[in-house]
Amino acid sequence: MSTKKRISLSVNGKLLEGEAEPRTSLADFLRDDLALIGTHIGCEHGVCGACTIMMDGQAVRSCLTLAVQAEGTELMTVEGLLDENHQLHPIQEAFIEEHGLQCGFCTPGFLMSTFELLEKNPSPSDDDIKEALGGNLCRCTGYQSIIKSVRLAAQKLQSANTAS
Amino acid sequence: MKPAPFDYVVPETAEEAVSCLQKYEDDGIEATVLAGGQSFVPLLNMRMARPDVVVDLRKLKTLKYIREEDGVIAIGAMTTKREVEESELIQQRQPLFHASTLEIGHLQIRSRGTVGGSMAQADPAAEYPAVALALGMEMKILGTDGERIVPADEFFITYLTTEIDSTELLTEVRVPVLAEGTGWSFQELARRHGDFAIVGGAVTLRLDGGVCTDPHIVLFGVGATPVRMTAAESAISGQAPSAELFAQAGEQGAAELESPMADVHASAEYRRHLAKVIIKRCLLEATERAGGSVS
Ligand SMILES: Cc1cc2nc3c(=O)[nH]c(=O)nc-3n(C[C@H](O)[C@H](O)[C@H](O)COP(=O)(O)OP(=O)(O)OC[C@H]3O[C@@H](n4cnc5c(N)ncnc54)[C@H](O)[C@@H]3O)c2cc1C
């Protein structure tokens with residue numbers, strides 16, 4: 001029963017292999033086996049959004065995905081936002097500048113939901129932002145500073161794109 | 001909040017999945033199918049489900065499709081809600097189904113949650129079962145003896161229970177396209193956008209010679225399954241649309257509800273009140289979309 005299964009997948013551009021029991025969530029696998037502890041685990045039933053990561057180009061809940069289901073997929077976690085020189089991503093810079101976090105527990109999930117939003121929609125309206133982040137809970141900020149952070153992140157990414 | 005141990009198999013085809021399920025059943029082993037996991041994994045995490053074996057459908061790429069054939073949009077059970085949401089075919093040919101998809105949870109849930117999973121889960125507050133009933137969808141079910149087709153009004157039995165046997169697989173959901181001239185509405189009331197609805201409604205109707213014809217009024221969140229509101233439908237059939245008529249239909253609908261659910265989200269009385277509000281709003285909107293105006 002429940003013998004470990006081999007899992008090969010790509011995380012933040014690197015091909016990795018590991019082993020997990022079928023019951024291990026992808027969130028636990030990332031944290032405990034791959035030592036990627038940036039992904040946080042909050043409610044473990046999909047409601048809080050802290051564990052949000054990118055899977056094959058879409059934001060998903062890593063607490064509601066089994067590690068074995070991630071076989072052959074391409075993941076990006078919050079660690080993947082850093083560039084090769086370990087510089088923060090413009091989205092992260094924007095969250096710092098606009099105080100988009102206080103305790104920071106929910107932040108990895110907000111960053112990943114924002115990442116998908118801005119990839120698909122570089123100049124979102126406030127409604128688009130609220131829709132995209134509606135599945136992420138924050139207990140500190142009252143959300144206004146998060147919305148401002150996303151607006152600023154969009155500007156930063158757009159000016160980076162026009163500069164390059 | 002960690003699942004109890006279970007064994008895990010990943011069949012390559014739908015037929016293989018079904019014969020796996022049959023074998024487990026014959027051997028007295030409890031096996032559960034896993035699709036997108038957005039309802040089932042929470043149950044595993046909370047140990048409300050403790051199957052011996054999980055049969056993961058993730059390799060069944062042949063059950064991932066959206067295509068129109070003879071006035072019906074056939075959707076493979078493993079198609080995600082994101083794929084429905086992004087489908088131009090569905091947006092154009094079945095706008096009611098499309099609109100209801102956008103109300104399901106959050107984008108991050110719709111990335112993985114499947115069409116088949118929502119039908120099979122049969123949550124009384126879920127959008128898809130209600131839309132299935134309102135539009136007269138059909139469910140294609142595969143067993144070791146072959147396929148059968150079950151209409152929506154026979155498919156949903158009670159809370160979290162459908163016609164699908166523990167040895168069967170839902171393979172396809174068949175959605176009739178919205179006929180030209182049909183007005184529709186999908187509305188729900190929830191505490192926050194993305195939450196399960198407290199009460200919601202899915203409505204279609206037509207206007208012929210200035211009167212309402214062929215109304216389909218379905219509410220969800222009010223009982224063990226979605227409910228077709230037949231008294232409200234009779235109240236408007238053959239009548240000219242008016243705000244007064246629709247308010248009356250709301251009253252009749254609310255009276256028709258036997259005993260609306262009561263839970264932490266809302267009392268039975270509040271749900272009865274919302275039923276009235278939703279029926280009226282849906283009828284007004286559907287009439288407008290059918291090209292009519294309301295006196
Ligand atoms: C935070 C959150 C919010 C949500 N909000 C909503 C909402 O507002 N409205 C809503 O409707 N849903 C909501 N959901 C549930 C979500 O839509 C689920 O995706 C859906 O109910 C089940 O689909 P799934 O593919 O994830 O199925 P799973 O969770 O994998 O399976 C659900 C059940 O169906 C069975 N099953 C799945 N596929 C098949 C098949 N092909 N044949 C036979 N049996 C099958 C499984 O065995 C299991 O019992 C929410 C979920 C979360 C976590």
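## A buried glutamate in chain B

At 7% relative accessibility, B:Glu233 counts as buried, because the cut-off for buried is under 20%. One thing to keep in mind from here on: this is a predicted model. B:Glu233 sits in helix 10 of chain B, which covers residues 230-236.

What does B:Glu233 touch, once its neighbours within four places in sequence are left aside? The contacts are B:Pro215, B:His216, B:Ile217 and B:Arg228.

## Where the two chains meet

Let's move to the interface. On the chain A side 33 residues are in contact with chain B, and 31 residues of chain B are in contact with chain A. Between them, the two chains bury about 2,700 Å², and carbon and sulfur atoms give 51% of that area. Which residues of chain A lose the most area to chain B? They are A:Arg23, A:Leu64 and A:Gln69, and together they make up 24% of what that side buries.

Three salt bridges are counted between chain A and chain B. B:Lys2 pairs with A:Glu44 in a salt bridge, with 2.7 Å between the closest N and O atoms.

## Two residues with positive phi

Most residues other than glycine have a negative phi. A:Glu44 has a positive phi of about 60°, although it is not a glycine. You'll find A:Glu44 in the loop that runs between helix 1 (26-33) and strand 3 (52-55) of chain A. Is A:Glu44 buried or exposed? At 12% relative accessibility, A:Glu44 counts as buried.

Chain B has a case of its own: B:Ala122 is not a glycine, yet its phi is positive, at about 50°. B:Ala122 is in the loop between helix 7 (115-121) and helix 8 (127-135) of chain B. With a relative accessible area of 5%, B:Ala122 is buried.

## Salt bridges within the chains

Side chains of opposite charge can pair when their charged atoms come close. Over all chains, the count comes to 27 salt bridges. In chain A, A:Glu97 forms a salt bridge with A:Lys156, and the closest N and O atoms are 2.9 Å apart. As for accessibility, A:Glu97 is partly exposed at 43%, and A:Lys156 is partly exposed at 23%.

A:Lys120 and A:Glu116 also form a salt bridge, where the closest N and O atoms are 2.4 Å apart. Why are A:Lys120 and A:Glu116 separated by about one helical turn? Because they are four residues apart in helix 3 (residues 107-120) of chain A. A:Glu116 is buried, with a relative accessible area of 3%.

Over in chain B, the side chains of B:Arg67 and B:Glu69 meet in a salt bridge at 3.4 Å, N to O. B:Arg67 is partly exposed, at 40% relative accessibility, and B:Glu69 is partly exposed as well, at 31%.

## Helix 11 against helix 12

Still in chain B, helix 11 (residues 243-256) packs with helix 12 (residues 268-289) at an angle of about 145°, and the two axes are 8 Å apart. The crossing of helix 11 and helix 12 of chain B is right-handed. On the helix 11 side of chain B, the contact residues include B:Phe246, B:Ala247, B:Gly250 and B:Ala254. Helix 12 of chain B brings in residues including B:Arg272, B:Ile279, B:Leu283 and B:Thr287. Sorted by kind, the residues in the contact of helix 11 with helix 12 of chain B are nine nonpolar, three polar and four charged.

## A glycine in a chain A loop

Last stop: A:Gly142 lies in the loop between helix 4 (126-133) and helix 5 (144-163) of chain A. A:Gly142 counts as partly exposed, with 43% relative accessibility. How far apart in space are A:Gly142 and A:Leu101? The distance is 9.8 Å from C-alpha to C-alpha, while in sequence A:Gly142 and A:Leu101 are 41 residues apart.

Conventions:
Residues are numbered from 1 along each chain as its sequence is written. Chains are lettered from A and ligands numbered from 1 in the order in which they are written. This is a predicted model: local features need pLDDT of at least 70, side-chain atom pairs count only at pLDDT 80 or more; totals for chains, interfaces and linings use all residues. Side-chain values use heavy atoms; hydrogens and water are left out. Buried means under 20% relative accessible area, exposed over 50%, partly exposed in between (1.4 Å probe, protein chains only). Axes are lines fitted to C-alpha atoms, for helices over the stretch in contact, and angles run from 0 to 180 degrees between N-to-C directions. A crossing is left-handed if the near helix is turned anticlockwise from the far one by less than a right angle, and right-handed if clockwise. Contact means heavy atoms within 4.5 Å. Ala, Val, Leu, Ile, Met, Phe, Trp, Tyr, Cys and Pro count as nonpolar, Asp, Glu, Lys and Arg as charged, and the others, Gly among them, as polar. Buried area is the accessible area (1.4 Å probe) that two parts lose on being put together, summed over both. A salt bridge is a side-chain nitrogen of Lys or Arg within 4 Å of a carboxyl oxygen of Asp or Glu.
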